[in-house]
Amino acid sequence: MDEPDPLELLNHLEGILESDPLIDEIGFIHPSQFVLLNEDVGTPSTSVDSVQTTNFRTLFWIRDHKLGISTKVLFPLYVAAKNAFVEAYKNYKLLQRDDKHASMCCSSSSLSLESELMKHSRALLILSCDFGTAWNSRKLVLSKKQSLSMFMNELIFSSVILSHSPKSEQAWSQRRWVIKMIAGNCSNLQEIMERESELVKKLAERSKMNYRAWYHRCWLVSYMSVEQVLQEFNKSREWAGLHVADNSCFHYRERLMLRLFEESEHSQDQDASFDPELHKLLKDEFNWVEKLIKRYVGREALWLHRRFLLTCWIRYFACGDHDRSLASNQRNIRAVDIDMLIDNELELFRSCTILPDSDFEDYQAQATFAATYMQLAGALAIDIQKVETSRVKSLLTNVCPEKSLLWNYLPELCM
């Protein structure tokens with residue numbers, strides 16, 4: 001059987017996309033899997049199946065709004081989609097370049113060019129998700145139309161791209177651009193923020209260490225309400241506790257905490273250091289991270305997060321001890337908190353520098369992280385004279401002898 005022409009393949013793909021606007025996931029399938037997939041389909045489950053012909057059943061598969069494309073036709077499809085897009089984009093730019101002609105031309109012609117451009121760019125981006133010119137062409141059309149429904153459809157389309165390319169920088173960037181465009185005139189922006197956050201969570205489960213997805217989630221924080229920030233902070237704890245090696249989630253929690261502190265400082269001229277809820281939130285986070293550190297030995301992300309917590313504590317709760325504007329009982333509370341913090345950190349340091357098995361790399365890493373954490377605590381102006389400097393230096397030298405010159409110099413930074 002002759003293979004379909006590349007243009008026929010493109011037309012068929014675009015026909016599928018037009019026939020089922022609810023497609024929410026796309027995958028690329030090896031030809032050997034199509035026989036099994038078609039056997040499982042049985043009776044057609046969507047109207048799109050009626051469009052399919054026998055020639056295409058081994059090249060495209062669709063069911064329950066999930067689309068599969070054979071890897072066999074990816075290259076000819078890409079060439080056809082790119083050529084069609086380049087031609088449509090050239091015609092559209094020519095129309096936009098001549099303002100006089102654009103104002104006199106028939107509106108139906110302009111709409112037809114926009115429709116062609118959006119259709120071909122969609123097919124091209126499915127096959128090549130980081131084709132920047134295609135994304136930019138869609139921005140041109142969306143900026144001109146300023147239609148909320150089209151912006152929402154763009155969010156749906158970019159999520160389809162992310163279903164098979166969860167680390168696509170261009171797709172995440174497109175979502176941020178859309179949110180910026182609708183932020184000022186969208187009544188359900190907070191609902192969109194919730195869906196965005198859930199999308200990142202779902203993709204983070206499927207794609208480990210997805211920095212681009214977590215960066216997007218951190219970016220969303222500035223658009224969230226304070227109530228949403230608190231909800232996100234509480235909901236993200238379980239995920240972080242199950243992925244202690246993934247620093248991205250802890251960084252997200254840090255961004256949420258900073259937003260809460262910023263809101264506290266700017267609301268009702270309140271001093272964030274005496275907000276009892278934030279005070280409790282930070283202490284609870286300290287206790288939770290300490291449990292994780294003891295349970296999951298040698299995880300650097302936990303120590304990095306604790307370093308952030310320590311910085312927050314110093315900035316919001318340890319500074320200003322001699323400020324005369326503070327009530328005496330507030331200064332006393334601060335003094336007690338600082339003493340308790342120092343004692344607790346010293347105890348954590350001692351417990352984590354015990355090496356039950358010096359050949360076990362995780363225990364060695366734990367001891368290194370603990371020692372460097374205490375050194376940095378000293379650099380952040382915490383009084384750690386109780387820490388035996390020679391013990392820290394000896395410990396670091398034992399577990400990481402290749403960095404002995406660094407360990408010799410580090411104590412001087414903390415004195």
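Contact here means heavy atoms within 4.5 Å. The model is predicted.

Start with the packed pair of helices. Select residues 189-206, which form helix 9, and residues 211-220, which form helix 10. To see the contact, show Met193, Glu196, Ser197, Val200, Lys201 and Ala204 in helix 9; they meet Ala213, Trp214, His216, Arg217 and Leu220 in helix 10. By class, this contact has six nonpolar, three charged and two polar residues.

Next, look at the geometry of the pair. Two packed helices are described by the angle between their axes and the distance between the axes. For helix 9 and helix 10 the angle is about 160°, and the axes are 9 Å apart. Angles over 145 degrees count as roughly antiparallel, so helix 9 and helix 10 are roughly antiparallel to each other. Their crossing is left-handed.

Now select the cysteines. Cysteine 218 has 10% relative accessibility and counts as buried. Cysteine 186, at 11%, also counts as buried. From the sulfur of cysteine 218, go to the closest cysteine sulfur, that of cysteine 249: the distance is 9.1 Å, too far for a bond. A disulfide needs a pair of cysteine sulfur atoms within 2.5 Å, and by this rule the model has zero disulfides.

Last, move to proline 6, placed in helix 1 (residues 6-19). Its relative accessibility is 32%, so proline 6 counts as partly exposed. Leaving out residues up to four places away in sequence, proline 6 touches Pro76 and Ala80.

Methods: Residues are numbered from 1 along each chain as its sequence is written. This is a predicted model: local features need pLDDT of at least 70, side-chain atom pairs count only at pLDDT 80 or more; totals for chains, interfaces and linings use all residues. Side-chain values use heavy atoms; hydrogens and water are left out. Buried means under 20% relative accessible area, exposed over 50%, partly exposed in between (1.4 Å probe, protein chains only). Axes are lines fitted to C-alpha atoms, for helices over the stretch in contact, and angles run from 0 to 180 degrees between N-to-C directions. Helices (H or I, at least four residues) and strands (E, at least two) are DSSP runs, numbered from the N terminus. Angles under 35 degrees count as roughly parallel, over 145 as roughly antiparallel, 65 to 115 as roughly perpendicular and the rest as oblique. A crossing is left-handed if the near helix is turned anticlockwise from the far one by less than a right angle, and right-handed if clockwise. Ala, Val, Leu, Ile, Met, Phe, Trp, Tyr, Cys and Pro count as nonpolar, Asp, Glu, Lys and Arg as charged, and the others, Gly among them, as polar.
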